[in-house]
Amino acid sequence: MKVLVTGGTGYIGRILIPDLIKKGHETTVIDRGFIDYSNPADDYGSEVNILRDDIRTCDPELLKGFDAIIDLAALSNDPAGNLNTMSTWDINYVGRLRIARLAKKIGTSRYVVASSCSVYGFKDEICTEKTPVNPLTTYAEANVAVEKDNTALNDKNFRSTALRFATVFGYSPRFRLDLVINAMTFYGYKNGIIKMMRDGLQYRPFIHVKDVSRALIATIESDNDEVGGKSINVGSSSLNLQIKDVADAIKKKLGNNTEVELYGDPDNRSYKVNFDLAKELLNFETKYDLNFGIDEIINECKDGLQDIPQMHTVDYYKRLLEYETELERFSNLKSKIIL
Ligand SMILES: NC(=O)c1ccc[n+]([C@@H]2O[C@H](COP(=O)([O-])OP(=O)(O)OC[C@H]3O[C@@H](n4cnc5c(N)ncnc54)[C@H](O)[C@@H]3O)[C@@H](O)[C@H]2O)c1
C-alpha cells in the first residue's frame, strides 16, 4: 500500500515507519519536526519521503495518491495540551479533521487517527467503547471531538477509524521521558530512585510502542470494513496496571539498592479499560509486556541513553512558546508560527 503518516517523526512514528517499510508499504511522512533531535532518515533510510510541513496548512496536493493515511500529528499529551489550548484545538482537532476531510475528498480509502484512553477520564467501572466519555483536559476533549467528527466521515469508499491507545511505554529513537513507565525506569537506572506518583495504588492502562505500531498497521491492512466508523480501545487487560506494580517490576530489575520515592498528593483516581473489541474486529492482541519494555530501556541506558530537553515533551513545547513570544517581541516582522 502507499501510506502517508502525519506526525511520523515522533515517538510512535519512529517505530511505526520502519515497521511499515519492513511490511513492504511505500511510506511518506508529513511532520513539522517540532521535537526532532536526531535525523529520522537515519533509521528510515532513503526509501521514506519526509515532508517538513504542517497538517493545518499543507498543500492538499500532498495528500494525493495514498491508499491509507495514519494521522499521528498532535500535541501529544494532557499537560502539553494545556500549555496553549488554542494550539491544541487547532492541531489536534481542526488540523486532524482537515486531513480526514481532504483524504476523503481526494479518494484515500483508509484513514486512522490516534486517540487516547484518556477520553474516559477516571471511572470506577472497566471502560468499554460503550462507556460514556469523561474528558478532563483539553487534550482529551480534542480527542473526543476528532473521534466523533472523523469517524462520522466513514462510508463505503472511505474507511475512517479512531484507535484509543493506552499510555505508551518502551524505547523509540525519539524517546519520551514524560511517559510514566519510561521515566520511572530511566531515572531508576540513572539515580537509583524510582519516583512513584502518589501511593501507586491507582490503575492505568499501558501498551508497548511496538504494539501501537502493530495495531495501526493491522487497522490499515484489515479487510474487515466493520472497523470503519468506530473508536476502538487498544491495549491489553494484562497491562491494566497499578503504578506500584510498575515500580516493583522496575525495582526487581534494578536490584534492592534502588529506592522507591513517593511524590504528589494522595489521589487514587483510577481507570481500567476493556480491549475485547480490538480482538474481535482486528484480531489484535498485544505481544510485548512490561518486563520487555523495562529491559529495553535499561539496555539503552547501559548503551549511553542521555536525558535531553526534547525528551520532556511539555517543557520542550513550553520553550518553543517562549521562543515564539521572544521572536514577536524583537522582530518587526510577524514571526512564523511555531506552535
Ligand atoms: N505516547 C502515548 O502515550 C500516546 C497515547 C495515546 C495516544 N497517543 C497519540 O499518538 C499520536 C503520536 O504520539 P507520539 O507519542 O508519537 O507523540 P510525539 O509528540 O512524539 O509525536 C507527535 C508528532 O506530531 C508532530 N506534529 C505536531 N503538530 C504538528 C502539525 N501541526 N503538523 C505536522 N506535524 C505535527 C510533532 O512534530 C511530532 O513529531 C498523538 O496523536 C498522541 O496523542 C500517544
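Which charged end sits over the ring of Tyr203? In this predicted model, that place is taken by Lys272, whose charged end lies 4.2 Å from the centre of the Tyr203 ring.

Searching the whole structure turns up seven aromatic pairs. One of them joins Phe122 and Tyr271 in an edge-to-face arrangement, with 6.0 Å from centre to centre and 85 degrees between the planes. This pair brings together distant parts of the chain, since its partners are 149 residues apart. Phe122 belongs to the loop between β5 (110-116) and β6 (126-127), while Tyr271 belongs to the loop between β13 (259-263) and β14 (272-273).

Tyr271, in contrast, is buried, because its relative accessible area is 6%.

A second pair to look for is Tyr288 with Phe292. Their ring centres are 4.8 Å apart and their planes meet at 50 degrees, so this pair is tilted. Tyr288 is partly exposed, and Phe292 is partly exposed too.

| Residue | Relative accessible area | Class |
|---|---|---|
| Tyr271 | 6% | buried |
| Tyr288 | 22% | partly exposed |
| Phe292 | 32% | partly exposed |

Finally, have a look at Tyr171, Phe175, Phe186 and Tyr187: ring pairs link these residues into a cluster.

Key
Residues numbered from 1 in each chain as written. Predicted model: local features only at pLDDT ≥ 70, side-chain atom pairs only at ≥ 80, totals over all residues. Heavy atoms only, no water. Phe/Tyr/Trp six-rings, centres within 6.5 Å; stacked < 30°, edge-to-face > 60°. Helix = DSSP H or I, 4+ residues; strand = E, 2+ residues; numbered from the N terminus. Buried < 20%, exposed > 50% of the residue type's maximum accessible area, 1.4 Å probe, protein only. Lys NZ or Arg CZ within 6 Å of the ring centre and 35° of its normal.
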